Amino acid sequence: MESVTNLRETVLAQLRSRIVSGEAAPGTIYSVPAVATEMGMSTTPVREALLELSRTGLVSPLRNRGFRVEAATPKDLENQFDVRIMLESGALVAIARAGLSDVAPLIELADAVAAAVKAGNVADYIETDRRFHEALVSRANNPLLTRMIMGLRADMRLYGINSPEGLERQRASVSEHYEMIELAQTRQTEAIAALITRHIESWKPLLTSALQDVSAGSARALA
């Protein structure tokens, strides 16, 4: 039998994927008993997962109703892109300056991302991509920096990720992961800074446009 902690992480990953991908639109209400029934588990790990999401602002608790998915703004997204570029480029430059070793675990994680893209499984792509980047930035040996980066990544709205353009961008990201490993191994600091900046910024037009469409639709619905 899985532990409550493992079950909570399972629920957390699934609900976060639904929210950041736009599958669960702003205003969606998640009832703890309903989610527990859907996922075939007790209410405890579900409640813990939703409380964790509420601490990051993705959902807000509603008295006697559950948790409501909150909206994000294009300005929120712009700020997240700017800070991610600053933090992740700094982390990867530090890793490359020191020289990356023991790359087999990172290659295995990059392979998992490639497999998710090949299968066309967006939820798996989001999760395997998260694991790859967490493992990579953790090589900077700065736990605070890793937590900050992964917190930003976890809460970024990825609306449009499952569109044709999003799927194409996923495919392009696969080779970039392997390139990051190679550049860090060979201590190419300037090249890796440019690559991670491009890797992040290439998503910006797609995600911003999709978020603007969602925001406009929500405004029309309230008018």
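**Exercise 1. How much space lies in the largest pocket, and which residues lie nearest its centre****?**

Solution. Begin with the volume: in this predicted model, the largest pocket holds about 830 Å³ of space. Next, turn to the lining, which is made up of 37 residues, with Arg 16, Ile 126, Glu 127, Arg 130 and Ala 154 lying nearest the centre of the pocket. At the level of domains, at least three lining residues come from each of domain 1 (4-70) and domain 2 (74-219). Finally, sort the lining by class, which gives 15 nonpolar, 10 polar and 12 charged residues.

**Exercise 2. Work out the strand order of the open sheet, and state which helix packs on the sheet****.**

Solution. Start from the order, which is β1-β3-β2 for the 3 strands, with antiparallel pairing. From this order, read off the edges: β1 (29-30) and β2 (59-62) are the edge strands, each pairing on one side only. Now examine the pairing of β2 with β3 (residues 66-69), where 4 bridges join the two antiparallel strands, and where Ser 60 stands opposite Arg 68 in β3. As background, the strands of a sheet pair through backbone hydrogen bonds, in either a parallel or an antiparallel manner.

Technical notes:
Residues numbered from 1 in each chain as written. Predicted model: local features only at pLDDT ≥ 70, side-chain atom pairs only at ≥ 80, totals over all residues. Heavy atoms only, no water. Pairing = 2+ DSSP bridges. 1 Å grid on protein atoms, 1.4 Å probe; cavity = no way out; pocket = protein on both sides within 12 Å on 5 of 7 lines; lining within 4 Å. Points joined across faces, edges and corners; volume = space filled by probe spheres on them. Nonpolar A, V, L, I, M, F, W, Y, C, P; charged D, E, K, R; others polar. Domains from an automatic or database assignment.
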